[in-house]
Amino acid sequence: QVQLVESGGGLVQAGGSLRLSCAASGSIFSTNAMGWYRQAPEKQRELVASITRGGSTVYADSVKGRFTISRDNAKNTVYLQMNSLKPEDTAVYYCFNGGSRDWVQYWGKGTLVTVSS
């Protein structure tokens, strides 16, 4: 049993920052990638960022240069530092853990990020 618990979402003004955390509990040794997808109302789910155990990262073009993903393998925790937030970043952010960003094995319940203009 693996559980992913997200935290750090909330309401922030445009230009502000938030830091999301996702802590994995349970047996997580076999997974390679962790990261975040997001989904806004009436929009498709999209990958925000992912990171492997080795530190390789992938970012959506829309967040490149503004968001930074990191992980602490010992703590089984992934972080997403979000700077220069824009209203279009408003979405529910879902943490994931899996073999890759395209092979998700576990999902968090989601944390809402709302960016006001």
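Strand β1 (residues 2–7) and strand β3 (residues 18–26) pair in the antiparallel sense over 6 bridges, where two strands are said to pair if DSSP finds at least two bridges between them. Strands (E, at least two residues) and helices (H or I, at least four residues) are DSSP runs, numbered from the N terminus. The model is a predicted one, in which local features need pLDDT of at least 70 and side-chain atom pairs count only at pLDDT 80 or more, whereas totals for chains, interfaces and linings use all residues. Residues are numbered from 1 along each chain as its sequence is written, and side-chain values use heavy atoms, with hydrogens and water left out.

Strand β3 also pairs with strand β8 (residues 77–82), again in the antiparallel sense and over 6 bridges. Cysteine 22 of β3 takes part in both pairings: it is the bridge partner of glutamate 6, and it stands opposite valine 78 in β8. Serine 21 likewise lies in strand β3. With a relative accessible area of 18%, serine 21 is buried; buried means under 20% relative accessible area, exposed over 50%, and partly exposed in between (1.4 Å probe, protein chains only). Apart from its neighbours within four places in sequence, serine 21 is in contact (heavy atoms within 4.5 Å) with Val5, Glu6, Ser7, Trp36, Val78 and Tyr79. Tyrosine 59, by contrast, is 38 residues from serine 21 along the chain, and the C-alpha atoms of the two are separated by 17 Å.

A further set of pairings involves strand β4 (33–39). This strand is mostly covered, as 6 of its 7 residues are buried. Strand β4 runs antiparallel to β5 (46–52), and 6 bridges join the two; within this pairing, arginine 38 stands opposite glutamate 46 in β5. Strand β4 is also joined by 7 bridges to strand β9 (residues 91–100), in an antiparallel arrangement. There, alanine 33 stands opposite glycine 98 in β9. In a regular strand the side chains alternate between the two faces of the sheet.

Strands β4 and β5 form a hairpin with 6 residues between them, and glutamate 42 lies in the turn. The phi of glutamate 42 is near 65°, a positive value in a residue other than glycine. Glutamate 42 counts as exposed because its relative accessibility is 83%. A positive phi, near 50°, is also found at asparagine 76, another residue other than glycine. Asparagine 76 is placed in the loop between β7 (67–72) and β8, and it counts as buried, at 17% relative accessibility.

For the chain as a whole, the secondary structure comes to 0 helices and 11 strands. The radius of gyration, taken over C-alpha atoms, is 13 Å, close to the 13 Å that the globule rule (2.2 Å times the number of residues to the power 0.38) gives for 117 residues, so the chain is as compact as a globular protein of that length. Along its principal axes, the C-alpha trace spans about 40 × 25 × 25 Å. Buried residues make up 43% of the 117 residues. Among contacts between residues at least 6 apart in sequence, 55% join residues at least 24 apart. The chain exposes about 6,200 Å², of which carbon and sulfur atoms supply 47%; accessible areas come from the Shrake-Rupley method with a 1.4 Å probe, and for residues only the protein chains shown count as cover.
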